[in-house]
Amino acid sequence: MDTPFMKKLNAAQLNAATCKSNSVQILAGPGSGKTRVLTSRVAWLVLSEHVRPQNIVVVTFTNKAAKEMRHRLESPELLGSMQSDKLCMGTFHSICARLLRQYHAHVQLKPNFTIADTDMSRHAIKKLKEELIGELSDYGRTKMKPEAYFNVISKARNAGMNVDQYIEKNYGEWDKKDICIMFKAYEDRMHADNLVDFDNLLLYTRVLLARFPSAANFVSHVLVDEFQDTNVVQYDIVKGLTRGGKALTIVGDPDQSIFGWRNADRGNFIKMQREFKGTQICNLEENYRSTKHILKSAFHVVSKDKKRIDKSLFTENAEGVPMSMLKMSDDTMEAQSVAEEIKRIVEYSGSLITYKDIAILVRMNYLSRAFESALNSLSIPYVVIGGVKFFERAEVKDILAYLRFCYNANDTEAFERIINRPRRGVGEVTMNKIEKLSRQPGATIISVLRDISTGKGKMIASIPLKTKQNLAGFVNLYDNVQELMQKKSYIYRILEYIIGDTNYKEFLQKEHPDKDGESRWDNVGELVTFAKQFNPPPDNLAKNSAAVTMSGIEILENEPPENESNVEDSLPDLPNYTEPTEEEPPLGDDERLNDGDHIVRFLELTTLSTNSKEEDEADLGKVTISTMHSAKGLEWPVVFTIACEAGIIPHQKAEDDMEECRLLYVAMTRPKCKFI
DNA sequence: CCGAACCCTGTTTTT
DNA sequence: CAGGGTTCGG
């Protein structure tokens, strides 16, 4: 019972971590040890209450939080990796993806659906705009950008509406007609392409859990981090996972609710109290991070929020020095002085404070530019968090799109991305013809391409011989990758084959003759290295280890990869897979979700995870530049909150100024006064 | 009909 | 600074 980690908790924390109630709300202000309590509660459930870890679901919002949680629970002081690996832990989106993969048939999905990121969604809408030219109004055709459509559609879905509900509600509203048309067309297109976008990962899961509650049979305890960020859909998913409305623990802080624009609703705290009878509320009021000065100033900001649920926060920490406010004439000057100040602090402290202890928090990603160049000019090393993510780089997405398309040949978005990278002589016109033909009954993109390249497709006249040859090569690449997948080759081998067969390096150099080309090529290499963590399913490791030669690349089957698996936020391995039956999903209390094959795991991790290589290097003596949003949950001894001016924070387009206050509150509570 | 070369714009926050 | 739009040569 008295496990070592509990001795590290104060009375309120201990009470929260070991609360016997089935429904617990832990309201935790900044720096009050929220993550420590949540991880301790998981450990307590397993070690003292003898709950099986495979029956515990831990949901976070960001990959970073999931990673941090996993890291802490792996420590022998808590669970150790043997036990913690069995937990079902991840972001909302990754857990939903797993549920849908397992129960695809229950929500009319094919087992090999792929996940569309925001770029792909927008691109799909852009194309639909052209196709729907006859149906949209003048305004919808000329004034509405794809992004505008997508934002409205996404907002509706985050408010819990699917297409049919949206159309039902807005039918007859003349100004919503374009959206209705686009919404419907978009959903149909995604379905036809066997694609699920971010919003639908959640919406489909909500439907799954509502219609097949037993899909959550394997769950006995649900814990949710950052509950103030949940929207109605996520709330329903959480509730669905708890089935009878039991065994739910949430931690959160209404004052740190900064995702209202994504329909996050602080009302979910009250809703939970109403719907989960006997909810215990535990307040964590002692702050261990901030100085008295900072806490006071930060509280002053957040208390502007008149609708705020009143709660207190105190600290035993020192008074500290007052915050300093610097007024600058312009952004260059601002960046310059911050950079100089950083240099000064490091020198003045005699390197007691180093670069890694310092962060610059910005409201918008692009604001980091000025600071990057200022830091560069003083040769101060830095990392940007939340900028262009590794898996969002064009060259990385290209290679991944090849894998996606070969895995899900309906993925038109992936196809469009890769067909001209490298150039194959297919332009917009030919592309449209191919797509149109592929959408006819019985046809697929590949079947159309096969017809063209073998000359059978006389419906497409006047395709140059060169293009035909290129397409034949593409079909060949597809077939070969299919074969490799069937053989359960290592992913990095498949990627190497794709990269080699497409001559991707040459293409990159041609597109980016400067130094840029090299760094892009490095990224491709890094992707291959990353892929080495993914092992094919174990059952076919022993058989035939013959070397196959294909297009000059030697493919060694079943050779162990160089890296051991060490993947954050991939949900744990699970050997025994059972096909879901029609009515009753297969998982009993003992069982866990199936992971899918290594290709799926890889594709999901790369589309659902945002962390870049650089972020992992944040500890390595570099200044951190981060958005205020992604700084939540993090802390540094020295924090610069920049561009605190009207229009930036609060942002011009902000719908809710109180939320801007909360955002500034989050930023202001990042500095920690103890750093040794 | 494709693609290279040019100029233009305009940027919230995340999965 | 990329991503879209436009123009022009093959």
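Of the 676 residues of chain A, 55% count as buried. The model is predicted. Chain A contains 27 helices and 16 strands. The structure holds 44 salt bridges.

**Overall build**

- Contacts in chain A with a separation of 6 or more come 78% from residues 24 or more positions apart.
- The accessible surface of chain A is about 30800 Å². Carbon and sulfur atoms hold 52% of that surface.

**Confidence**

- Chain A has a mean pLDDT of 82. A pLDDT of 70 or more is reached by 88% of its residues.
- Among the elements of chain A, strand E6 (residues 221-224) has the highest mean pLDDT, at 95. The lowest, 34, belongs to strand E13 (residues 547-550).
- The pLDDT is below 50 over residues 540-586. Beyond near neighbours in sequence, this stretch still has 113 contacts in the model.

**Salt bridge Arg70–Asp85**

- Side chains of opposite charge can pair when their charged atoms come close.
- Arg70 and Asp85 meet through their side chains in a salt bridge, at 4.0 Å from N to O.
- Arg70 sits in helix H3 (residues 63-74), and Asp85 in the loop between helix H4 (81-84) and strand E3 (88-91), so the pair ties together parts 15 residues apart in sequence.
- Arg70 has 8% relative accessibility and counts as buried. Asp85, at 36%, counts as partly exposed.
- Why do the two partners fall into separate classes? Buried means under 20% relative accessible area; Arg70 has 8%, whereas Asp85 has 36%.

**Salt bridge Arg122–Glu147**

- The side chains of Arg122 and Glu147 form a salt bridge, 3.6 Å from N to O.
- This pair ties together parts 25 residues apart in sequence, because Arg122 lies in helix H6 (residues 118-131) and Glu147 in helix H8 (residues 146-158).
- Arg122 is partly exposed, with a relative accessible area of 26%. Glu147 also counts as partly exposed, at 41% relative accessibility.

- In the salt bridge between Lys127 and Glu416, the closest N and O atoms are 3.0 Å apart.
- How many residues apart in sequence are the parts that this pair ties together? Lys127 lies in helix H6 and Glu416 in helix H18 (residues 412-418), so the parts are 289 residues apart.
- Lys127 is buried, with a relative accessible area of 10%. Glu416 counts as buried at 18% relative accessibility.
- Both Lys127 and Glu416 belong to a network of salt bridges. Asp193, Glu413, Glu435 and Arg439 are linked in that network too.

**Nonpolar surface patch**

- Which residues make the nonpolar surface patch of about 270 Å²? They are Leu326, Met328 and Met333.
- Leu326 is placed in the loop between strand E10 (314-315) and helix H15 (331-348).
- Leu326 counts as exposed, at 52% relative accessibility.

Terms used: Residues numbered from 1 in each chain as written. Chains lettered and ligands numbered in written order. Predicted model: local features only at pLDDT ≥ 70, side-chain atom pairs only at ≥ 80, totals over all residues. Heavy atoms only, no water. Helix = DSSP H or I, 4+ residues; strand = E, 2+ residues; numbered from the N terminus. Buried < 20%, exposed > 50% of the residue type's maximum accessible area, 1.4 Å probe, protein only. Contact = heavy atoms within 4.5 Å. Areas by Shrake-Rupley, 256 points an atom, 1.4 Å probe, with all protein chains shown as cover. pLDDT = per-residue confidence, 0-100. Patch = residues over 30% accessible without salt bridge, like charges linked within 9 Å, V, L, I, M, F, W, Y side chains within 5 Å.
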